[in-house]
Amino acid sequence: MIKAALLITLILLPLTGFARRPSLSKKKVDKSIEFFMEEARKERSTFYFNEYEHMISGLAAFAIGNIGYLATDSAVLKLAYSGIQTIGIVNLGRGVYQRNSPSIKNSFSKMLTNKKLKGYTKPRLARELIKILAQEERAKRLSLFYSTSFLTLQYLMNATIYDSPARVKNIYIFLAGINAIVAGYSSFYKSNYEKFYFGDSIDLNPFIVSLPDQTNFGLTLTINF
Amino acid sequence: MTLLSIFKRTIARGCLFLLCSSQLYAFETTHQIRPHSTFESTTLANSCSTMKENKFSTSCNMALFPYSDNSGIYISTIGKSDGDSIENGRDLIFDPITEDLIKRLFQETNFNSFTFNSDVSLKNQLFEISYSPYYLLADLYLFNPAFPEISLNLINRETLSLSSGLFLLGDKENPHDFKLTLGSKVFYFRQESANTLFSLFDLSFNQPEELIQLKNTYGVAADLSFFLDIPYDLIPNISMQLKNIGSKTKDEEALVQSATRLAPRFLFETYATIGLGKTFKTQYGSFSYNIEHFIESYFEGFDINDTTIGGYYSLRLVSLFLGIGKFYQNIGLSFDSENFNVGISYSREKDIKDFQNRFEKSAYIGLTISL
């Protein structure tokens, strides 16, 4: 009996060499990283229907606001259309922001999932963080510049070219002046992060990003089927 | 007195009796702006009870409350801003009453209407509290060109309501599930109203307070709503609502017997609605349609003229509305920013239906502020 058991053990022992090793491809992911990735995945879609919805809506509101303003004689309706013009231009600015904003959570997510890098040194981490913050500051500045510039133009048109009630012409000119000041300020003033990463030169193009040592073209055209 | 004169007088009185008795019922009026109305529900001709997952859904049908995820404080107003009624009302109030004015009023339209609604709402995931400080309605009907008289219906209603909704059947997260939701609203109202008749020339010699005696009424009523969400594109969703349950608003006997008094419908008395509609979401925007039928009391009677069709397209920040019925045709646009929403709509309307000789062209403005 004992001899039979020893014989079976001796036969089976070499076969254990062919047993499958437990998979080592699934590494243990840190809980904090897992939580961050999940939150970033939820925020991935910043748009509801398509990525140009803000710009399309803004342009539609701007066009309809101007057409309606010209077409109506009623003072109350002119005021309402002026509100629509403002909403349209504000949404255009928001579209510029979305076009240029790096989305901080998604940027960190890309850093954590970059398979070419196993880790980050302190200098590299600092450069990545400065890049993200500089892009965010630039997106906000460009959004403010374009929305206030278009508002200045719109209010000046309402006051001087369109047939507006006399009582509101001065208000339009005042609003145009305020927006012109803000537009001028946002065109010249850069935050420290922006100056460090993009340089000191004037930078107002929402489609082209100019770096001190290189130029990247940022215009994209996508067709979905 | 000769026999001939007696005979003539008898014939004349008989004719007068026949003319009056041929129209025993008051003029029934309908209005697009109703209590708890928003710009969206008004422009859709109140045909929106199946349009779920929109900011205005709960103003159309409380059974859509479980689908809403917008919380916060909202201040909204909707009112008629332009049209014949506005101009005529302004002339009657501010200009002297002259023969030319009377002739013009009778030639253009002898029925004028003005409505306005305002709401302050607090919404969260569990319930919605809404306070409406003003629901204003002013209907003015001019008749008898030889000696002009005005039939005036004036209403100011203040309402405080509490509403909520829940899922009865189905799982909200599962898009392939049949879902049945229930919604309800309980509200307290306080109303000042006057339904009166006076001569046009009385306006020149008397103060309006002497001509218009306002009557105060108070009460509590409720709305009950159901919504069946069917997960197939070709089969429309179904909604059913009972409005103003427990309302004690009844037609006064004198009002019903009068040929010239104005009686509003589908506003304060108990009535029901049935809706069929669907929403489609694509990458080019969201499309919705709805067919709504209004029925008096607890599903009594059927009149095809009380059916309206609503269409809605939205690309998140810009929305297009269409509302069509036999007596109302509307088209409108609204524009959203984060805290501010403006809407403008153009309408052709006949508030007194076939008794109105032509459609009145009006413009409505809606404003919503989100805090």
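**Chain A, overall**

I began with contact range in chain A: of its contacts with a separation of 6 or more, 73% join residues 24 or more positions apart. A reminder to myself that this is a predicted model.

Next I looked up the secondary structure, and chain A has eight helices and two strands. Reading from the N terminus, I get α-α-α-α-α-α-α-α-β-β. I also checked burial: 25% of the 225 residues of chain A count as buried.

**The α6/α7 pair**

How do α6(A) and α7(A) cross? I found that the axes of α6 (residues 122-161) and α7 (residues 166-188) of chain A come within 8 Å and cross at roughly 155°. An angle over 145 degrees counts as roughly antiparallel, so that is how α6(A) and α7(A) lie to each other. The crossing of these two helices is left-handed.

I then listed who makes the contact. From α6(A) I noted, among others, Leu144(A), Phe145(A), Leu151(A), Tyr155(A) and Leu156(A). The α7(A) side includes Tyr172(A), Ile173(A), Leu175(A), Ala176(A) and Val182(A). By class, the residues of this contact are 13 nonpolar, seven polar and two charged.

**Where chain B meets chain A**

I turned to the interface and found 17 residues of chain B in contact with 22 residues of chain A. On the chain B side, the elements giving two or more residues are β2 (72-83), β14 (328-336), β15 (340-349) and β16 (360-370). Which element gives the largest share of that side? It is β15(B), with three residues. My class tally for the chain B side reads eleven nonpolar, four polar and two charged residues.

How values were computed. Residues numbered from 1 in each chain as written. Chains lettered and ligands numbered in written order. Predicted model: local features only at pLDDT ≥ 70, side-chain atom pairs only at ≥ 80, totals over all residues. Contact = placed C-beta atoms within 7 Å. Helix = DSSP H or I, 4+ residues; strand = E, 2+ residues; numbered from the N terminus. Nonpolar A, V, L, I, M, F, W, Y, C, P; charged D, E, K, R; others polar. Axes fitted to C-alpha atoms, helices over the stretch in contact; angles between N-to-C directions. Parallel < 35°, antiparallel > 145°, perpendicular 65-115°, else oblique. Left-handed = near helix turned anticlockwise from the far one by under 90°. Buried ≥ 20, exposed ≤ 12 C-beta atoms within 10 Å, placed from the backbone.
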